[in-house]
Amino acid sequence: MINFNLGRLLSFVVTFFIVSTVTFSVHAQSVEDGEKLYKANCTACHMIDKKLIGPPLLGISEKYSEEWLIKWIKNSSEMIASGDPQAVAIYEEYNKSPMTAFLHFSDEDVLNILAYIEAAPSMKEALVGSSETVGEAVLESESSDYVLLA
């Protein structure tokens, strides 16, 4: 019985370590910094969930590798010129309009933007939920005991 409990404990510790490591690496990026960078640099051409001048960005991290996205965001023209098949396909799909180069972004800046893009839908849901609650409270406070006669 002692060996069984020790085995379960060891299994739990290993699982906890793996989950903690993955969670830390995902949350190591600053969503707040990413939001600021996104709003200052990306919103002229992109929306999270709708096509604008450029493609919608929701799910972009599942579609392309982190390394590829860093290169693309920093200098899409270089990737197109090198013949990268994914870069050329996007270029062709969007009327041969290259994405603005962001050579001044660090890799960390790009990762922060990607973290914000990933978190934005849940942030929006939280905001909508809280505004509905506020709206309901306002509506309730606007009720009165007066009767209007016409």
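Trainee: How many aromatic pairs does a search of the whole structure find?

Mentor: The search finds four aromatic pairs. In one of them, the ring centres of Tyr64 and Trp68 are 4.4 Å apart and the planes meet at 15°, so this pair is stacked. Please keep in mind that this is a predicted model.

Trainee: Are Tyr64 and Trp68 buried or exposed?

Mentor: Both Tyr64 and Trp68 are buried. Phe102 and Phe105 also make a stacked aromatic pair, with 4.9 Å from centre to centre and 10° between the planes. Phe102 is buried at 9% relative accessibility, and Phe105 is buried at 3%.

Trainee: Which residues do ring pairs link into a cluster?

Mentor: The cluster consists of Tyr64, Trp68 and Trp72.

Trainee: Let me step back. What does the secondary structure of the chain come to?

Mentor: The chain has seven helices and zero strands. Read from the N terminus, the order of elements is α-α-α-α-α-α-α.

Trainee: And how much of the chain is buried?

Mentor: Of the 150 residues in the chain, 24% are buried. The chain exposes about 11,000 Å², and carbon and sulfur atoms supply 62% of that area. As for contacts between residues at least 6 apart in sequence, 58% join residues at least 24 apart.

Trainee: Which residues form a nonpolar patch on the surface?

Mentor: The patch is formed by Met47, Leu52 and Ile53, which together have about 260 Å² of accessible area. Leu52 sits in the loop between α2 (31-41) and α3 (60-63), and Leu52 is partly exposed at 39% relative accessible area.

Trainee: What about Gln29, where is its place?

Mentor: Gln29 is in the loop between α1 (2-27) and α2. Gln29 is buried, with a relative accessible area of 18%. Setting aside neighbours within four places in sequence, Gln29 contacts Glu108, Leu111, Asn112 and Ala115.

Trainee: Now to charges. How many salt bridges are there?

Mentor: The count comes to four salt bridges. One of them joins Lys36 and Glu32, whose closest N and O atoms are 3.6 Å apart. These two residues are four apart in helix α2, which means that about one helical turn separates Lys36 and Glu32. Lys36 is exposed at 53% relative accessible area, and Glu32 is exposed at 53% as well.

Trainee: Which residue does Lys39 bridge to?

Mentor: Lys39 forms a salt bridge with Glu35, with 2.8 Å between the closest N and O atoms. Lys39 and Glu35 also lie four residues apart in helix α2, about one turn of the helix. Lys39 counts as partly exposed at 47% relative accessibility.

Trainee: And what is the partner of Lys74?

Mentor: Lys74 forms a salt bridge with Asp107, the closest N and O atoms being 2.5 Å apart. Lys74 belongs to helix α4 (residues 66-74) and Asp107 to helix α7 (residues 107-142), so this pair ties together parts that are 33 residues apart in sequence. Asp107 is partly exposed, at 39% relative accessibility.

Trainee: One last topic: how many disulfides does the structure hold?

Mentor: The structure holds zero disulfides.

How values were computed
Residues are numbered from 1 along each chain as its sequence is written. This is a predicted model: local features need pLDDT of at least 70, side-chain atom pairs count only at pLDDT 80 or more; totals for chains, interfaces and linings use all residues. Side-chain values use heavy atoms; hydrogens and water are left out. A disulfide is a pair of cysteine sulfur atoms within 2.5 Å. Rings of Phe, Tyr and Trp (its six-membered ring) pair if their centres lie within 6.5 Å; planes under 30 degrees apart count as stacked, over 60 as edge-to-face and the rest as tilted. Buried means under 20% relative accessible area, exposed over 50%, partly exposed in between (1.4 Å probe, protein chains only). Contact means heavy atoms within 4.5 Å. Accessible areas come from the Shrake-Rupley method with a 1.4 Å probe; for residues, only the protein chains shown count as cover. Patches are made of residues with over 30% relative accessible area and no salt bridge: like charges are joined within 9 Å, nonpolar side chains (Val, Leu, Ile, Met, Phe, Trp, Tyr) within 5 Å. A salt bridge is a side-chain nitrogen of Lys or Arg within 4 Å of a carboxyl oxygen of Asp or Glu.
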